[in-house]
Amino acid sequence: DAPLSHALNRRLETPHLGRFAATPRMIASGEFRPTDERRLFVDLIESTELGWKEAAYAREVILGCWEETGEVAAVLDFDRFDTPAIRTALSVVREADSAHHDLAVYTPDESQSVAVIGLDQFTALDKQVLPTDYDIVSPFAEGAFTLPAFHVYESTTAIVEAVTEQVTPANAEEVAVVVDPGSEYATLLTSAFDADGIPYYGGPTFAESEGVRTYVGLLRTAVGGDGLALRAVGPVLAALGIESPTVDDHKRFCDLDHPDLQPVQAFCRSVGDASFGDVVSTVESWTDRSLDALRDELDRLSLHDQPVTEARLDRLVWYLQSFEVPVDREDSGVLLADPGSAAVVDRPLVFSLGVDADWTHRIPDRPWVDRERHDRRNRQQFQRL
């Protein structure tokens, strides 16, 4: 996987011409971490009449089957997936610029000396980058070893405090925390790091960033109707820096006569005349925070100039929850690693928080999936981690 290739490349002690360690997708596409899922989804909604969820489903099954079988059109071999929508999506996906397409057309250099680490982790499509002859390296060392101690604490807060007591700005580059980004641990941890001035990267996704959450919360308030109580609007007001009159938190927000609330109330009344891009500018002016990345994403989805409606907002929220939008962060400080995607964490001190069922990989319920092989692959990835 990508973290392992990064770790191996950092350990090169002599100059090396060309690529040394890389994932199959890196080799074929030339990108460090290709993001086909989001890119192809946007291609589908721009070039077909498919609905957003219909396009996302078609993309998911086509790419999933392509990875496991090595053939882009193999999905049509299964009767339940041979549908007009899948065929329409397939006509776009097979021609689109993607790492999957790059893998499919890649021609291995037979003169190269190649070693494969963890061949069981490779899909049928991954294996198309391999030459005829290659060495296989096990990711596991021989012999037994002792696991580090596990510590049990009385609360989530106590666990986070135990971690932050060991981390300082001076040693942040030496520390990693493996934590589910959607868990309470991640939220408390990043808040503690922010308070202590400890740099970190990874962690909260684009959709979980404060600016995007404020934007979505404000729009939800605006389209939520006149029945919203002040207490329901409180988190949005707090994010906007507005102190709400808590004595009236049970009353309807739209009925309150308070000077600090009037700008938001006026916004809610007129939101039907605004575009999604207009609301970005409003939030930026109220929070003094740049939302250029959100503006770019709205442009990509052709929503930026569209009038705000509840249906369009629902589609935007679904998209943010369904796709990982890349976040531009400096790669410095504590590494926050997602147990669902990482198998290697290249730091001398690693904390693993909340090792429970949320760390379990889900096996796709598809007829082309070898469930036993998937289970073995997931188990090995956990063991490596």
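**Salt bridges, a pocket and a cavity**

At 39% relative accessibility, Asp 375 counts as partly exposed (buried is under 20% relative accessible area, exposed over 50%, partly exposed in between, with a 1.4 Å probe and protein chains only). This is a predicted model, where local features need pLDDT of at least 70 and side-chain atom pairs pLDDT 80 or more, while totals for chains, interfaces and linings use all residues. Residues are numbered from 1 along each chain as its sequence is written, and side-chain values use heavy atoms, with hydrogens and water left out.

**Overall**
- The chain has 15 helices and six strands (DSSP runs numbered from the N terminus: H or I of at least four residues for helices, E of at least two for strands).
- Of its 385 residues, 43% count as buried.

**Salt bridges**
- The whole structure holds 15 salt bridges (a side-chain nitrogen of Lys or Arg within 4 Å of a carboxyl oxygen of Asp or Glu).
- Asp 375 pairs with Arg 379, closest N and O atoms 3.1 Å apart; they sit four residues apart in helix H15, so about one helical turn separates them.
- Arg 379 is partly exposed too, at 41% relative accessibility.
- Arg 38 and Glu 297 come to 2.8 Å between their closest N and O atoms. With Arg 38 in helix H3 (residues 36-47) and Glu 297 in helix H13 (residues 292-300), the pair ties together parts 259 residues apart in sequence.
- Both Arg 38 and Glu 297 are buried.
- Arg 10, Arg 11 and Asp 346 join up in a salt-bridge network.

**Second largest pocket**
- Its volume is about 1,400 Å³ (on a 1 Å grid over the protein atoms alone, a pocket is an open set of points with protein on both sides within 12 Å along at least five of seven lines, whereas in a cavity a 1.4 Å probe fits but cannot get out; lining residues have an atom within 4 Å of a point).
- Of the 34 lining residues, Leu 147, Pro 148, Phe 150, Ser 352 and Leu 385 are the closest to the centre.
- Strand S6 gives the largest share of the lining, four residues.
- The lining splits into 27 nonpolar, six polar and one charged (Ala, Val, Leu, Ile, Met, Phe, Trp, Tyr, Cys and Pro are nonpolar, Asp, Glu, Lys and Arg charged, and the others, Gly among them, polar).

- The search turns up one cavity of 30 Å³ or more, and the largest cavity has a volume of about 40 Å³ (the space filled by probe spheres set on grid points joined across faces, edges and corners).
- Its lining includes Trp 359, His 361, Phe 382 and Leu 385.
- Phe 382 lies in helix H15 (residues 371-384) and is partly exposed at 45% relative accessible area.
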